[in-house]
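Biologist: I'm new to this structure and would like a close look at a single part of it. Could you pick one residue and walk me through its surroundings?

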Amino acid sequence: MKISSFAFLLFFSCHNIHAKDNVNNSDAFFKAIVAPNVQPTSNLTRLLIRVLFVGNSFSFYNNGIHNHLGSLIRSSGEWKRQQNRLRLSTLSGGHISEHSADLDSILSDASQSWDAIVLQGHSNEPISAKKNKAFVLATAKAVKQIKAKGIQPILFMTWGYKGQPDMGADLANVYTKLANKLEVLVVPVGVAFAMAETELSNIELFVPDVLGVDRENQLTYRKDWKHPSEAGTYLAACVFYATLYQRSPEGIIFTGKLDKATALALQKLSWKVTQQFFKKVK
């Protein structure tokens, strides 16, 4: 199947998922999403020392997911000095296709050496009828370029907006089906957000975006909450740690700006989600 036709099949086979399942609880959510074919392996820790994150505000909020992940690694005693390197290349509101020129430059720069490059798309481009084809084609192109340089591509599964579990399930399916098609690893951050909204509803994963001011000069906010709070970014970093290191972050002393109890709950959930997500492979 050509990737262009695959783009349409990928979108339309996933977009009507909420017509089949109510995904407002954990069990239903996992039943509604497809299983990943590519498993994280035990040698990821040894191989993925230098990782570049390519994305947008979902990655750079709260001082960046790379810094949170780096702090988790350092706090666990696993950081290799003068070897480990985590960096971030982002464009506010960026789509995968908009990173094409930067990615070309990065991959052609002999002074930069990466073991893995993480690709994170715009919040709705994987499931938008107008954007899905471009998302699939751009991601496929980027993955091909990255693999050609002997670097491991990784997809960063993003999350549904606050209180929209069906959107989360749609995103999970598009990212996972595309990862399966391209034979790359996908990190289930979006699944963790969906589970946390259900199981840890007392922890706010999102922050609102300012829309403007009303007639009384009071701030108004956009209806959709989509950007991560400190807890949201911390959870995303924990899911990356759990996936790439294949061990639980539970007990790691770095908690960011969170209290210990909140951080511990997110650490535990990240491990539970990654184990359940990757266990689905037959």
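Predicted model: local features only at pLDDT ≥ 70, side-chain atom pairs only at ≥ 80, totals over all residues.

Let's zoom in on tyrosine 161. You'll find tyrosine 161 in the loop that runs between β4 (152-156) and α8 (165-182). Is tyrosine 161 buried or exposed? Buried means under 20% relative accessible area, and tyrosine 161 has 8% relative accessibility, so it counts as buried.

So who's around it? Leaving out residues up to four places away in sequence, tyrosine 161 touches Ser123, Asn124, Met167, Glu197, Phe206, Asp224, Trp225 and Lys226. With serine 123 there's a polar contact, side chain to side chain, at 2.7 Å. For another sense of place, take glycine 190: it is 29 residues from tyrosine 161 in sequence, and the C-alpha atoms of the two are 9.9 Å apart in space.

Now look at Phe206, one of those touching residues. Phe206 belongs to a cluster that ring pairs build from Phe53, Phe58, Phe156, Trp159, Phe193, Phe206 and Phe240. The count of aromatic pairs comes to eleven. Among them is phenylalanine 156 with tryptophan 159, a tilted pair with 6.3 Å between centres and 55° between the planes. Phenylalanine 156 counts as buried because its relative accessibility is 1%, and tryptophan 159, at 0%, counts as buried as well.

Note on methods:
Residues numbered from 1 in each chain as written. Heavy atoms only, no water. Helix = DSSP H or I, 4+ residues; strand = E, 2+ residues; numbered from the N terminus. Buried < 20%, exposed > 50% of the residue type's maximum accessible area, 1.4 Å probe, protein only. Contact = heavy atoms within 4.5 Å. Polar contact = N/O pair within 3.5 Å; in protein donor to acceptor, adjacent residues only side chain to side chain. Phe/Tyr/Trp six-rings, centres within 6.5 Å; stacked < 30°, edge-to-face > 60°.
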